[in-house]
Each structure stands twice: as C-alpha cells, then as structure tokens.
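Please consult the structure while reading the points below.

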Amino acid sequence: MRPSQTLSLLLWPLSAAYGGVVRLRSAMYRHDLLATRRLGGTVISVGNLTVGGTGKTPMVLWLAERLAADGHRAAILTRGYRAKAQAGTGTQTMSDEAALLQQRLGDRAQLGVGKDRFASGRALEQQGADWFILDDGFQHLALARDANIVLVDAMDPFGGGRMLPAGSLREPRGALGRADIVVITRADHAPAVEAMLRRFTQAPIFYAHTELESISRVPQMSEQLPAVDLARTQFLAFCGIGNPAAFFYDLRRWGLSVAGERTFGDHHHYTPSDMKKLERRADAAGADALICTEKDVFNLRGTEETLLPLYACRIRLVLPQADAFWSAVLTAVQRNQAVVAR
C-alpha cells in the first residue's frame with residue numbers, strides 16, 4: 001500500500017538515501033566491483049521495478065510451461081519469501097508462491113527455493129536442469145542472466161514515481177535500461193504507458209493480461225462453482241498479496257458480484273480468528289461466500305473450515321503475441337550469450 005501524500009513527503013529523505021544506495025549498488029555490479037556469478041545453463045529473469053504484484057507468478061508459470069513444451073529441463077529459482085515449515089517435516093519449508101508453482105507444474109519443472117539462487121541453481125544443474133527462470137530477479141544482480149524480462153503494471157507503472165519508502169519503486173526508472181523485454185500487464189493497449197517507458201528503454205514491449213480459469217472450492221480445489229451459481233452469488237473478497245487492488249478490480253472485470261473487500265499484508269498467514277472476522281464481515285455485507293486468490297490458499301491451511309463456502313480464483317496469463325514474445329526472449333538469450341562468449 002502506497003503512503004499518503006503527507007507521509008510520502010515526510011519519508012522523502014529516506015527515499016533519497018535509499019535511492020543513492022540502490023544506484024551505488026547497481027554501479028558496483030556494472031563495473032565488476034561486486035561479483036556476479038554465472039550458472040552453466042540459460043537464465044531468464046522475471047522481475048519488476050516496484051514492490052507489489054505485477055503478474056510475476058503467472059509469467060513464471062507461462063515460461064516454465066513453454067520451456068517444458070519445448071523439451072527443456074527447466075528449473076525455477078525463487079527466494080520463497082515468508083516460507084513456513086511443512087506439516088510433519090520439521091525442516092522443509094515452502095512459501096505460498098513456491099507451493100503454487102509446485103502444484104501447478106508438477107514434474108514439468110524443478111524448484112529451487114532459497115536466498116542463494118546461485119547455490120540452488122548449481123544443485124539443480126547436477127540434476128539435469130539446463131534452463132532457469134529467476135523469479136523476482138531484476139534486482140538480484142548477484143546472478144547473471146541471459147534475458148531480463150521486466151513487468152510493468154498498466155494501472156500503476158511507476159509506483160507513484162517515488163523510491164521506497166515514500167513510494168513503491170525498488171529502483172529508479174532508469175534501471176529499465178537493463179531490460180531486454182518489457183511486458184505491460186493488465187492491459188491490451190496502453191499508448192501513454194508505452195510513451196513513458198520509451199524514455200528509459202528501447203526494449204521490445206509486449207502486453208499481457210490474466211484470464212479467470214476457474215473458481216474452485218477450498219481446500220481441495222477440485223470442485224468448481226457452476227456458472228449458474230456464480231451469477232447469483234455475492235462474494236466477500238479478501239487477499240494477502242502485493243497488489244490487492246488489482247485482485248478486486250479483476251474480480252469485477254470478470255463479472256463477479258463483490259459485496260465487500262478485506263486486505264491483509266502480503267503473504268499473510270491466516271488464523272481461525274481472521275476467518276471468523278471475515279465471516280462476520282460477509283454477513284454484515286450480505287455476502288453468500290468468501291473468495292480469495294489461489295496464492296492465499298496456501299496460507300489458509302488449518303483454517304479452511306468455514307460456515308460460508310470458501311472459494312479461490314485460478315487464473316492464467318494471456319500473451320496475445322505469444323510467439324513473437326518467445327522469439328524476442330530467444331533473441332535476447334542468443335545476443336547476451338554471444339557477448340559473454342567474446
């Protein structure tokens with residue numbers, strides 16, 4: 001959530017200091033004063049300039065499925081932010097994003113979870129992985145990549161134009177100069193956003209949006225809400241993701257009736273108390289059911305038994321120019337690998 005205008009002004013000195021540190025760090029990597037390590041396989045980075053959701057997880061899924069279809073041994077390198085212990089294992093951890101990727105992809109892609117993405121990648125190379133998707137990797141300059149894909153949300157392309165903590169920019173807009181490909185999400189046509197982007201990058205620009213695949217009953221996610229029931233159901237929508245406004249906007253864009261909304265912190269681990277409060281809010285709003293994102297489902301474990309029906313949205317990424325996009329990715333890989341080989 002972006003700070004208010006007054007708070008943003010008060011935080012401006014901290015943003016200026018943060019921006020200085022970010023620029024210095026980037027320059028140190030650019031001039032080899034900080035080491036960048038390279039895996040033996042091909043690395044495709046997916047990231048953004050801002051905090052919050054821009055559709056990185058759907059893009060990672062799309063890339064993994066494309067690589068698998070092309071016969072590659074693909075692996076995803078993810079930090080696994082706010083992971084928690086898996087029941088009965090004692091030591092193994094899994095974040096909501098990692099759990100979603102694993103469930104969706106199965107054996108079509110391997111998963112490396114940990115802060116040291118290079119170490120995860122080396123371990124997966126020993127198991128045969130030859131292509132890597134670096135999840136949320138634009139600022140992870142310690143690992144070399146062969147293609148930099150940057151996602152920009154058409155609804156909020158530059159996070160208010162201010163650096164953290166006054167705004168939501170992780171890096172200055174000029175960092176887009178490192179991008180090989182830019183994808184504008186949540187839009188099919190955004191000429192004003194394109195014009196702004198062209199001030200900072202000449203990379204090819206593509207568009208993507210999400211489509212609703214199903215609304216499924218939590219926790220099994222095997223029972224789908226029939227269209228006839230969907231049309232007459234009032235939902236209390238809630239989520240603990242980076243960009244909650246986009247989720248609520250999408251629900252209405254998909255034609256759902258939303259009687260109320262409730263936002264939690266990103267990667268929020270839900271408690272029975274949370275669910276009781278949500279049910280009370282739903283009752284007050286006249287809602288018939290609760291609905292959340294698929295990512296939230298993995299943070300609901302142990303709290304899914306609710307008086308009201310509980311559903312989650314399963315979505316997929318749509319790239320209208322999919323073949324041209326994939327061709328641009330491969331072109332960037334070939335170009336950057338040729339530079340390294342010199």
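The model is predicted. It comprises 10 helices and 13 strands. The radius of gyration is 21 Å, which agrees with the value near 20 Å that a compact globule of 342 residues would have.

**Overall architecture**

- Along the principal axes, the C-alpha atoms of the protein occupy a box of roughly 65 × 50 × 40 Å.
- Buried residues make up 51% of the 342 residues in the protein.
- When contacts between residues at least 6 apart in sequence are considered, 73% of them link residues at least 24 apart.

**The second largest pocket**

- The volume of the second largest pocket is about 480 Å³.
- The lining of this pocket consists of 15 residues, and those closest to the pocket centre are Tyr29, Arg30, Leu141, Arg145 and Arg178.
- Two elements, α1 (5-30) and β7 (147-153), each contribute at least two residues to the lining of the second largest pocket.
- Helix α1 makes the greatest contribution to that lining, with 3 residues.
- Sorted by class, the lining of the second largest pocket contains 6 charged, 5 nonpolar and 4 polar residues.

**Ser216 in strand β9**

- Ser216 belongs to strand β9, which spans residues 205-217.
- The relative accessibility of Ser216 is 1%, so the residue counts as buried, the cut-off being under 20%.
- The side chains of Ser216 and Ser214 are joined by a polar contact of 3.2 Å.
- Leaving aside residues up to four places away in sequence, Ser216 is in contact with Met221, Glu223 and Gln224, and also with Leu310, Tyr311 and Ala312.

**Phe248 in helix α7**

- Phe248 is located in helix α7, which covers residues 244-253.
- With a relative accessible area of 6%, Phe248 is buried, because the limit for that class is under 20%.
- Phe248 and Val258 are 10 residues apart along the chain, and their C-alpha atoms are separated by 8.1 Å.
- With residues up to four places away in sequence excluded, Phe248 touches Ala237, Phe238 and Cys239 as well as Glu261, Arg262 and Thr263.

Notes
Residues numbered from 1 in each chain as written. Predicted model: local features only at pLDDT ≥ 70, side-chain atom pairs only at ≥ 80, totals over all residues. Heavy atoms only, no water. Helix = DSSP H or I, 4+ residues; strand = E, 2+ residues; numbered from the N terminus. Buried < 20%, exposed > 50% of the residue type's maximum accessible area, 1.4 Å probe, protein only. Polar contact = N/O pair within 3.5 Å; in protein donor to acceptor, adjacent residues only side chain to side chain. Contact = heavy atoms within 4.5 Å. 1 Å grid on protein atoms, 1.4 Å probe; cavity = no way out; pocket = protein on both sides within 12 Å on 5 of 7 lines; lining within 4 Å. Points joined across faces, edges and corners; volume = space filled by probe spheres on them. Nonpolar A, V, L, I, M, F, W, Y, C, P; charged D, E, K, R; others polar. Rg over C-alpha atoms; globule rule 2.2 N^0.38 Å.
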